Amino acid sequence: MFLRRFVTTFTIGPLALWFIYLGGWFYFIPLCLIVGLATVEYATLLGHLGWRLPLWILLPAVVLQLVAAQWPSLQLSGPVLVISLLVAMLYALWLYERRASAVVPADWAGLAAGILLLGWVSSHFFRLRGVEHMAAQWTVLAMLSTWIADSAAYIFGTLLGKHKLAPRLSPNKTIEGYIAGIVLGTGLTTVLGYVLQLPWTVALLLGLLISVISPAGDLGISLFKREAGVKDSGRILPGHGGALDRIDSLVWSVTIAYYVIIYLT
């Protein structure tokens, strides 16, 4: 498992960083594909719980949010989000009237959550890459900070972990690994920020926030996986699971980074 994770990380990771550097369509298209696949996995995952999440509503709603973030001058983000949530509500009302589902409130909540998480929150991949100054560097830093904290938590948790962090949600996560992720994630993010010629104080704060908060994104998706009785959201990446498994923490990291940067730089 460790070898597969290592090979996948050091194959996909540099390619992802190269796409971030290039920006434009080279960044937009791969990320749209990844988020789109994660959306399909999310709908399938909740389908195991008996919830009905129609992809003909969810997928366009997600993609339109990504488009709105990539081209903010269109000013589409707010209207698209409101219309998508309205359509989700109307769909739930239709399901209820037709007695087409026994869990309509769950259908509605799951659909709305997917639109918000995979549409609006994920759109910060593009909002961050579009900030006015040093956009590529900040985006690279947010991504690397997440990967460093996650890798440190995995390695040190495997070697030294004795106390479970969240045994019901993720039996393999340990408190020791989590602390190692915070320490190394914060420290190395600060160093990388300096190397990338970014303000080290902001890099330090960013590394701390990402290391502390982003693991909750992974646990959030783990909640659905545990309830559905599946280990991974998909099998697209050997040793890493599906696309949703790979971005469940990253979506929160880039969102945190975006707001830290626009308010503190």
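**Helix packing and local geometry in the predicted model**

Just after helix α10, G229 adopts a positive phi of about 75°. The structure described here is a predicted model, and the values given below are computed from it. Helix α10 itself spans residues 215–228, and its 14 residues reach 20 Å from the first C-alpha to the last, close to the 20 Å expected at 1.5 Å a residue. The buried residues of this helix are P215, G217, D218, L219, I221, S222, K225 and A228, a set that includes D218 and K225, which count as charged.

Helix α9, which comprises residues 200–213, packs against helix α12, which comprises residues 250–264; the two axes come within 10 Å and cross at roughly 150°. Because angles over 145 degrees count as roughly antiparallel, α9 and α12 are assigned to that class, and their crossing is right-handed. On the α9 side the contact is made by V202, L205, L206, L209, I210 and I213, and on the α12 side by S253, I256, A257, V260 and L264.

From α4, the residues S77, L81, S84, L85, A88, M89, Y91, A92, L95 and Y96 take part, and they meet V104, D107, W108, L111, A112, I115, L116 and W120 of α5. The residues of the contact between α4 and α5 divide into 15 nonpolar, two polar and one charged; S77 and S84 of α4 are the polar residues, and D107 of α5 is the charged one.

Elsewhere in the chain, L55 lies in helix α3, which covers residues 55–70. With a relative accessible area of 32%, L55 is classed as partly exposed, because this value falls between the 20% below which a residue counts as buried and the 50% above which a residue counts as exposed. When residues up to four places away in sequence are not counted, L55 touches T39, V40, A43 and P60. The C-alpha atom of L55 is separated by 38 Å from that of A203, a residue 148 positions away along the chain.

Note on methods: Residues are numbered from 1 along each chain as its sequence is written. This is a predicted model: local features need pLDDT of at least 70, side-chain atom pairs count only at pLDDT 80 or more; totals for chains, interfaces and linings use all residues. Side-chain values use heavy atoms; hydrogens and water are left out. Axes are lines fitted to C-alpha atoms, for helices over the stretch in contact, and angles run from 0 to 180 degrees between N-to-C directions. Helices (H or I, at least four residues) and strands (E, at least two) are DSSP runs, numbered from the N terminus. Angles under 35 degrees count as roughly parallel, over 145 as roughly antiparallel, 65 to 115 as roughly perpendicular and the rest as oblique. A crossing is left-handed if the near helix is turned anticlockwise from the far one by less than a right angle, and right-handed if clockwise. Contact means heavy atoms within 4.5 Å. The expected span of a helix is 1.5 Å times one less than its number of residues. Buried means under 20% relative accessible area, exposed over 50%, partly exposed in between (1.4 Å probe, protein chains only).
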